[in-house]
Amino acid sequence: MITTIDKLRCVLREIGYRKHVYRRRVVDGFMTEAQAKREVELMKAIAIDYRAMAAAEAPQAELFTEKERL
């Protein structure tokens, strides 16, 4: 079963991945700085949505390590 917390953790990993990869894509001219920033911001917005859903499912639980916080 894939939980909301699993999905959120995946999105948080994806944000880190995009920051790393998009930096190189901007330098290499495959995307603009604005495009890269927009894509990362979209993932952050998704993470905020999943964080709210996860908190509603387990309001008393400490869900994330400091590294996983936005």
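Here is a walk through this structure, from the overall layout down to a few side chains. Keep in mind that what you are looking at is a predicted model.

Let's start with the whole protein. It has 70 residues, and buried ones make up 21% of them. As for secondary structure, you'll find two helices and zero strands. The protein exposes about 5,300 Å², with carbon and sulfur atoms supplying 57% of that area.

Now for the two helices themselves. Helix 1 covers residues 4-27 and helix 2 covers residues 33-57. A pair of packed helices can be described by two things: the angle between their axes and the distance between those axes. Here the axes come within 9 Å and cross at roughly 170°. Angles over 145 degrees count as roughly antiparallel, so that is the label helix 1 and helix 2 get relative to each other. And what sits where they meet? The residues of this contact divide into 15 nonpolar, one polar and nine charged.

Contacts across the sequence tell a related part of the story. Take the contacts between residues at least 6 apart in sequence: 61% of them join residues at least 24 apart. Lys44 belongs to helix 2. Its relative accessible area is 25%, so Lys44 counts as partly exposed.

Next, pick out Thr4, which is found in helix 1. Is Thr4 buried or exposed? With a relative accessible area of 10%, it is buried, because the cut-off for that is under 20%. Its side chain makes a polar contact of 2.7 Å with the side chain of Glu57. Setting aside residues up to four places away in sequence, Thr4 touches Glu57 along with Tyr50, Met53 and Ala54.

Further along helix 1 you come to Arg18. Arg18 may carry a charged side chain, but at 13% relative accessibility it counts as buried. Which residue does the Arg18 side chain join through a polar contact? That partner is Glu39, whose side chain is joined to that of Arg18 at 3.1 Å. Glu39 also turns up among the residues in contact with Arg18 once neighbours within four places in sequence are left aside, and the others listed are Arg23, Val40 and Met43.

Note on methods. Residues numbered from 1 in each chain as written. Predicted model: local features only at pLDDT ≥ 70, side-chain atom pairs only at ≥ 80, totals over all residues. Heavy atoms only, no water. Axes fitted to C-alpha atoms, helices over the stretch in contact; angles between N-to-C directions. Helix = DSSP H or I, 4+ residues; strand = E, 2+ residues; numbered from the N terminus. Parallel < 35°, antiparallel > 145°, perpendicular 65-115°, else oblique. Buried < 20%, exposed > 50% of the residue type's maximum accessible area, 1.4 Å probe, protein only. Polar contact = N/O pair within 3.5 Å; in protein donor to acceptor, adjacent residues only side chain to side chain. Contact = heavy atoms within 4.5 Å. Areas by Shrake-Rupley, 256 points an atom, 1.4 Å probe, with all protein chains shown as cover.
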